Amino acid sequence: MARDTVGIISTIIITREMKQAIYNGLANPSVRLKFSFVGSYKPNKMKKKFQKFNNNNNVKLVMTLGGNKTYDAATQFSTKPFVSLVGVTPAANALCRGGINLNSTGGNQARVDHLTAQGKTKSKIGLLCNPNSSMNTAEEQDWITNIGISSQNIFHAGKDTTVDENDTDTYDAAFTSIVAAGMQAVVVSADPFFQQTMDELVSDANDSGVYMTYPLQDYNKAWEPPATGSATLQGPDLLMAYSQLGAVAASALQAGGDQGFRAANTATNDL
């Protein structure tokens with residue numbers, strides 16, 4: 001007998017642990033999860049993935065992972081209700097049933113406050129962000145206008161994934177500029193590009209000797225973890241966030257209607 005299915009579209013690689021966390025949050029063994037990975041944000045690729053779920057009568061709900069660009073794709077291509085993991089609460093959509101907000105932009109103020117409390121000079125704190133991210137404009141504006149740090153302290157890495165795959169070679173140029181500018185510490189954007197390439201990022205950050213603030217607890221799981229005394233993890237744990245998203249999906253399947261966007265649980269850990 002066919003089972004009700006949640007179709008998951010992700011632009012980031014989902015580990016077995018992450019899948020299990022979603023199952024744990026869903027807490028309903030009668031519901032099947034069907035995963036579909038998209039290697040980039042190219043519209044034609046995204047459209048095909050959503051159409052596959054649109055045409056599957058067993059798919060009752062779609063879940064998007066990979067940030068606001070994946071949410072935006074759902075608003076364009078999904079004909080099914082959906083829930084999303086996002087970095088910034090998005091504009092309302094009639095088919096959206098809510099999700100989990102990682103507070104990717106809003107968390108940077110707290111990260112800077114923590115660094116200054118450690119004795120770092122505010123004017124020597126940098127931001128590493130992806131200029132091609134859907135959240136980048138808001139993040140840079142927040143950095144300059146609300147947090148009050150110069151645009152000269154903003155450094156970029158990442159390619160436009162609507163055209164090409166992301167390239168971690170851009171970390172070389174970014175850290176060369178960061179060190180040359182005399183940054184005492186760098187806040188890493190919560191854009192999924194950095195999570196997806198954390199092994200290269202953390203390794204290069206360790207080589208640079210610059211103190212880092214990472215936006216997820218998961219950066220401690222990099223192949224070469226942050227060196228002792230070199231970093232702060234300040235933000236959610238993705239496994240917990242995925243479990244929270246599974247619970248939102250369960251509520252949407254049971255009760256229907258908009259469940260709203262709930263804040264992911266966060267923590268601060270100095271390594």
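Predicted model: local features only at pLDDT ≥ 70, side-chain atom pairs only at ≥ 80, totals over all residues.
Close-up 1. Strand 5 itself, which spans residues 96–101, is mostly covered, as 6 of its 6 residues are buried.

**Close-up 2. Helix 3 and the elements that cover it.** Helix 3 (residues 68–77) is largely enclosed by the rest of the structure, because 7 of its 10 residues are buried, where buried means under 20% relative accessible area. These buried residues are N68, K69, T70, Y71, A73, A74 and F77, and what covers them includes strand 1 (5–10), helix 2 (43–54) and strand 3 (59–65), together with strand 4, strand 5 and strand 11.

**Close-up 3. The second largest pocket and its lining.** The second largest pocket has a volume of about 340 Å³. It is lined by 14 residues, of which I13, T15, M18, Q195 and M198 are the closest to its centre. Helix 1 (16–26), helix 7 (192–196), helix 8 (198–208) and helix 9 (238–255) are the elements that each give two or more residues to the lining of this pocket. Sorted by class, the lining of the second largest pocket holds 6 nonpolar residues alongside 4 polar and 4 charged ones.

How values were computed
Residues numbered from 1 in each chain as written. Heavy atoms only, no water. 1 Å grid on protein atoms, 1.4 Å probe; cavity = no way out; pocket = protein on both sides within 12 Å on 5 of 7 lines; lining within 4 Å. Points joined across faces, edges and corners; volume = space filled by probe spheres on them. Helix = DSSP H or I, 4+ residues; strand = E, 2+ residues; numbered from the N terminus. Nonpolar A, V, L, I, M, F, W, Y, C, P; charged D, E, K, R; others polar. Buried < 20%, exposed > 50% of the residue type's maximum accessible area, 1.4 Å probe, protein only. Contact = heavy atoms within 4.5 Å.
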